[in-house]
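Colleague: I've got the model open and I'd like to go through the labels on it. Can you talk me through where they come from?

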Amino acid sequence: MEAANFGKKKILCLHGFRTSGSFLKMQISKWDPSVFAPFVLDFPDGIYPAGGKSEIEAIFPPPYFEWFQFSKDFTGQTNLEACIDYLCNYMETNGPFHGFLGFSQGAALSALLLAYQAQGKILKKHPPIALFVSISGSKFKDPAISEVAYKELIKVRSVHFVGERHWQKLPSEELAAAFEHPLIIRHPQGHTVPRLDEEAVEKVSSWIRHGVVLQRSINVEIKHENRKKAKNGEMSWLKGKL
């Protein structure tokens, strides 16, 4: 396996709230393997054990983790600084990493790391991150963070998966707007890693493989919904949570 991956660039994949790296790996496995063929995907677990019930308990085994903790209204957070320190050390020790992939809480965290790196606050010795795949991501609402992190467009190539059936639709669009020339993939599902139709696979694969530089924001819509009931409970588990 190591020989097969020799020379490939790495993407750091950050899972959602009270799930795990293994669960995100399973979620991403529904995508065509060609999408990430040029890369090695790394799926670490969050640094804190889940502090409460996980909504994937019925479909995926423990343990479950979280990267940090949000307040009930999402305007505050606990242990975020320790989480950022941990990830910066992880990246410098296990990298370099070419990009981020994040789902929900992991996407919000990835975008924050990108913003802070661009501003010279963190990862000063790590090469600039070149791409970002966001699935059901959002901005931080805490003004102490948002007024600093998003004051300028984040100039990293980014693709954002936005679900039409979830309260995170608008927050996901707002996060996309924080990036320069984002590629937006819309899908008819909710808070989940969506299945990709042929057009979406082609668009994302081209974007990832060839480093397409977008001169404007582009929207792509997954036109059909896979109506099969996913055995892994893939539809909408994390209602109302990051």
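Predicted model: local features only at pLDDT ≥ 70, side-chain atom pairs only at ≥ 80, totals over all residues.

Colleague: Which nonpolar core has Phe-140 among the residues with the most contacts inside it?

Modeller: The largest one, with 37 residues; Ile-84, Leu-109 and Phe-179 are listed alongside Phe-140 there. Strand S1 (9-14), helix H3 (80-94), H4 and helix H5 (143-149) each give two or more residues to this core. H4 gives the most, nine residues. Apart from that core lies another, of 25 residues, including Phe-43, Phe-103, Ile-185 and Ile-208.

Colleague: What makes you call Cys-13 buried?

Modeller: The cut-off is under 20% relative accessible area. Cys-13 has 0%, so Cys-13 is buried. Cys-88 comes out at 10%, so Cys-88 is buried too.

Colleague: Where is His-126, and is His-126 buried or exposed?

Modeller: His-126 sits in the loop between helix H4 (105-118) and strand S8 (131-135). Its relative accessible area is 7%, so against the under 20% cut-off His-126 counts as buried. Leaving out neighbours within four places in sequence, His-126 is in contact with Met-91, Pro-96, Phe-97 and Gln-117. Pro-96 is 30 residues away along the chain, with the two C-alpha atoms separated by 6.6 Å.

Colleague: What lies 3.0 Å from a polar atom of the His-126 side chain?

Modeller: The backbone nitrogen of Phe-97.

Colleague: Last one: what makes strand S10 "mostly covered"?

Modeller: S10 runs over residues 183-187, and five of its five residues are buried. Leu-183, Ile-185 and His-187 are on one side, Ile-184 and Arg-186 on the other. S10 pairs with strand S9 (residues 157-163) in the parallel sense over five bridges, and Val-159 has Leu-183 as its bridge partner. The chain gets from S9 to S10 through helix H6 (residues 169-177), in a right-handed β-α-β crossover.

Notes: Residues numbered from 1 in each chain as written. Heavy atoms only, no water. Helix = DSSP H or I, 4+ residues; strand = E, 2+ residues; numbered from the N terminus. Buried < 20%, exposed > 50% of the residue type's maximum accessible area, 1.4 Å probe, protein only. Contact = heavy atoms within 4.5 Å. Polar contact = N/O pair within 3.5 Å; in protein donor to acceptor, adjacent residues only side chain to side chain. Core = buried A, V, L, I, M, F, W, Y, C linked by side-chain atoms within 4.5 Å. Pairing = 2+ DSSP bridges. Right-handed = clockwise from strand over helix to strand, strands pointing away.
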